[in-house]
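Please look through the chain that follows, with its sequence alongside.

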Amino acid sequence: MLSVVFSPKSVRSGLRTLFLSTALLGMAAQTASAQAVDNDADQGLNLPKDVTIFGKNDPNVRKATAIVNGRIITGTDVDQRLALIITANGGKVSAEEKERLRVQVLRNLIDETLQIQEAAANDIKIDPAEVNQSYERVAANFRKSPDQFNQYLREQGSSASSIKRQIEGELAWSRLLRRNIQPFVNVSEDEVKSVVDRLNAAKGSDEVRISEIYLSSTPENRDQITANARNIIEQIKQGGSFAAYARQFSEASTAVVGGDLGWVRPSQLPTELAQAATELQVGQLAGPIETVGGMSIIYVMDKRKVLTADPRDSLLSLKQLSVLFPAGTSKEAASQKAATFAAAVKEIKGCGQANEIGARIGADVVDNDNVKLRDLPPQLQDILVNLQVGESTPPFGSINDGVRVLIVCGRDEPQSANAPNPEQIQAQLEEERVNKRARIYLRDLRRDAVIEYN
């Protein structure tokens, strides 16, 4: 049963965000007159019905720092990673929410430290140059040089070292799984052939591309994990990035790709997820959905028909005309300029006139070839899928981004659907099995760790 279904305002890429509160650890002692509770109710812990707490556990006093197998996690580490969350959410995080986030940030840093330590114990070292290359790609996504990005992070209360530490953790864990788990995961040719046969038999049926945030749970912490999942959903609803939350919190191996499960048929998913994937429209998410061993939040990225040519796979040649608004432009002035731009665009009769009219109205003109229609924003897909060569979209944009139109200069329709790719199918099956073993691996690392809290 779905408890929440809605369309987020936006699912934008950016800094990985953190959100997931955990139960505070306390210390309970049994009083002389207390009686043991039923073993079925307490899972064999034999806890007393009446609990007396000795000592004070005040989360407002306790510092969020820890020593993990000798490696210190400082309050500064927590603060800088927390600043990334606040930045990714546009600063829209309440004071109460910050305190809950701080607890989860520490938990994430502990897991990250355990992963790096386990990789080092297996003689896996991440070259700083490799971390720097990944960091440069992150900076490029923000259209900044590494030095500019360093300054930007400092202004947000974070640092380059915080992101680089997270990059190191991801690289180390990924490499460790490839060495210690992936070689022992086998997928037979018969299994792949069985999937290919099912795909051919399912030709024309629905296929979805979804992303997932998976949170493991037990009967004891089920309510807490459910509440945490609802909090994540609320943050995404307010404009947070699904991919960023998945990268930070999902316990599935797909976390490193923003939770993207790729193209799947509903029948390939657990029953609970299949129902949600079938009912949701593109751009909607649902959860928390209870599955075996945990809770899932899913986001439907796209839909198509199995092995059937889809107009949204067309390749387009586009010409873009855009006009920027000067800084400080009022909404009224922007609307007036957009109306003038729209009137001029109506005069365009095909791409041949676009450059001439663009020069006359002071618009920038950019040619874009081999643009896959499916890769464009959903709102534009719905318009462009029905446009003929020479036709243009209505003006779109914002005061910050200016106003623009797209003109269709050419269209290459998909001739046939892609046949099943055995290599991709094998990789997907292997990924699912590696994912299950990775969760067990990290669970065992937590269990064996020596962690001191300050």
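Two residues are in contact when they have heavy atoms within 4.5 Å of each other. The model is predicted, so local features are given only where pLDDT is at least 70 and side-chain atom pairs only at pLDDT 80 or more, whereas totals for chains, interfaces and linings use all residues. Residues are numbered from 1 along each chain as its sequence is written, and side-chain values use heavy atoms, with hydrogens and water left out.

Consider the whole chain. Helices (H or I, at least four residues) and strands (E, at least two) are DSSP runs, numbered from the N terminus. On that basis the protein chain has 14 helices and 14 strands. A residue is called buried under 20% relative accessible area, exposed over 50% and partly exposed in between, with a 1.4 Å probe and protein chains only. Of the 454 residues in the protein chain, 43% are buried. Accessible areas come from the Shrake-Rupley method with a 1.4 Å probe, and for residues only the protein chains shown count as cover. The accessible surface of the protein chain is about 24600 Å², and carbon and sulfur atoms account for 49% of that surface. Among contacts with a separation of 6 or more, 75% are between residues 24 or more positions apart.

Next come the strands around E9. Two strands count as paired if DSSP finds at least two bridges between them. Strand E9 covers residues 294-305. E9 pairs with E6 in the antiparallel sense over eleven bridges, and with E8 through five bridges, also antiparallel. Strand E6 (residues 206-216) has eight buried residues out of eleven, so the rest of the structure largely encloses it. Strand E8 (residues 285-291) is mostly covered, with six of its seven residues buried.

E8 and E9 form a hairpin with two residues between them. In that turn, Gly293 has a positive phi of about 85 degrees. Thr291 stands opposite Gly294 of E9.

Which strand holds Val300? Val300 is found in E9. With a relative accessible area of 0%, Val300 is buried. Apart from neighbours within four places in sequence, Val300 is in contact with Arg209, Ile210, Leu280, Gln281, Val282, Gly283 and Gln284. Thr278 is 22 residues from Val300 in sequence, and their C-alpha atoms are 9.5 Å apart.

A separate group of strands forms an open sheet of three, in the order E5-E4-E14, with antiparallel pairing. E5 (71-73) and E14 (451-453) are the edge strands, each with a single partner strand, so one side of each has no neighbour in the sheet. From one strand to the next, the twist averages 20 degrees; for such angles, axes are lines fitted to C-alpha atoms, for helices over the stretch in contact, and angles run from 0 to 180 degrees between N-to-C directions. Strand E4 (residues 66-68) is joined to E14 by three bridges, and Val68 stands opposite Ile451 in E14.

Helix H3 can be checked by its length. The expected span of a helix is 1.5 Å times one less than its number of residues. H3 (residues 95-121) has 27 residues and should therefore span 39 Å; its end C-alpha atoms are 39 Å apart, which agrees. After H3 comes Asp123, with a positive phi near 60 degrees. Glu112 is located in H3 and is buried, with a relative accessible area of 6%. Not counting residues up to four places away in sequence, Glu112 touches Arg81, Arg165, Gln166 and Gly169.

How many disulfides does the structure hold? There is one, where a disulfide is a pair of cysteine sulfur atoms within 2.5 Å. Cys351 and Cys409 form this disulfide, with their sulfur atoms 1.9 Å apart. The torsion about the S-S bond is about -100 degrees, so the disulfide is left-handed. Cys351 counts as buried because its relative accessibility is 17%, whereas Cys409, at 30%, is partly exposed.
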